[in-house]
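Trainee: Could you take one part of this model and walk me through it slowly? I'd like to hear what touches what, and how the pieces sit against each other.

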Amino acid sequence: MTMRPGTERKLLDAAEELFFTRGIAATPIDAVLERAGVSAATLYRGYASKEALVAAALDRRHDEWLRVWDDAVADAPDDRGRLLAVFDALDDFRSTPTGSRWCAFLGTASEYADAPDEITVVLRHETATLRSRLRQAAVPLVGPEEADVLADRLLLVVSGALAMRLRGGAGDTTTARAVAAALLP
C-alpha cells in the first residue's frame, strides 16, 4: 500500500526539518511522527526504516537544490558565470524555507561512521552529481583534459564554504567565490 502524497509531504517536511537541524541520531522517529501528525503504521507503509526516511528526505532536498542551481545557471551571463553560479545557488538555497545552516548531505555523512546502504547511495549520488555538474561547467573554460581537476578543486571550495557556516563564517559565499574565481583562467 502506498502513502498519500499529502501525507508523504508532511512526513518528509517533518523529517527534513528535524533531522537536518537537530541531527539524525538526536531525533527519535517519534518526534518526526508527532511533527508530521502521522502514525508509525503510516510511516512504515512508505518507508521501511528511519534510514529510508532520511534517504527520501535527502533525495527530495537534492532535487530542490538542483532546481535552485539550474535557476542560477540560467541567470549567468557567460561560461565563467555558469561555473560560479554554484555559489549564487548556495546563497539562494540557504534563504529558502528548506535551507539550513549548512549542508544536509555533509551533516548526514558526518553522523555515520558506516552509513546504511540506502544513505550511502544517496550521499554518493549527491557528490557525483555535484562533481559532474562542476566538471561540465568547467569544460568550456579549461577544456576536457583539465575539467576533472578543476571540478575537484571547486568541490573542495564548495564543501569548505558549507563547513564554514558552522564555524560562524560569513553567511554568504563571498570568500569561497573569490577562491574559486582565482582557480579559473
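Mentor: Start where helix 1 meets helix 2: on the helix 1 side you have Lys10, Leu11, Ala14, Ala15, Glu17, Leu18, Phe19 and Arg22, and facing them in helix 2 are Ile29, Ala31, Val32, Leu33, Arg35 and Ala36. Sort those contact residues by type and you get ten nonpolar, four charged and no polar. Keep in mind that this is a predicted model.

Now for the geometry. The axes of helix 1 and helix 2 (residues 29-36) run 8 Å apart, and the packing angle is about 135°. That angle makes helix 1 oblique to helix 2. The crossing of these two helices is right-handed.

Helix 1 has another partner to look at. Helix 1 (residues 5-22) also packs against helix 4 (residues 50-75), this time at an angle of about 90° and with the axes 9 Å apart. From helix 1, the contact uses Arg9, Leu11, Leu12, Asp13, Ala15, Glu16, Phe19 and Phe20. Helix 4 answers with Lys50, Leu53, Val54, Ala56, Ala57, Leu58, Arg60, Arg61 and Glu64. By type, the residues of this contact come out as ten nonpolar, seven charged and no polar.

His62 is buried, because its relative accessible area is 5% and the cut-off for buried is under 20%. Setting aside neighbours within four places in sequence, His62 is in contact with Phe105, His125, Glu126 and Thr129.

The structure holds two aromatic pairs. One of them is Trp65 with Phe93, an edge-to-face pair with 6.0 Å from centre to centre and 80° between the planes. Trp65 sits in helix 4 and Phe93 in helix 5 (residues 79-94), so this pair ties together parts that are 28 residues apart in sequence. Both Trp65 and Phe93 are buried. Bring in Trp69 as well, and ring pairs link Trp65, Trp69 and Phe93 into a cluster.

Key. Residues numbered from 1 in each chain as written. Predicted model: local features only at pLDDT ≥ 70, side-chain atom pairs only at ≥ 80, totals over all residues. Heavy atoms only, no water. Axes fitted to C-alpha atoms, helices over the stretch in contact; angles between N-to-C directions. Helix = DSSP H or I, 4+ residues; strand = E, 2+ residues; numbered from the N terminus. Contact = heavy atoms within 4.5 Å. Nonpolar A, V, L, I, M, F, W, Y, C, P; charged D, E, K, R; others polar. Parallel < 35°, antiparallel > 145°, perpendicular 65-115°, else oblique. Left-handed = near helix turned anticlockwise from the far one by under 90°. Phe/Tyr/Trp six-rings, centres within 6.5 Å; stacked < 30°, edge-to-face > 60°. Buried < 20%, exposed > 50% of the residue type's maximum accessible area, 1.4 Å probe, protein only.
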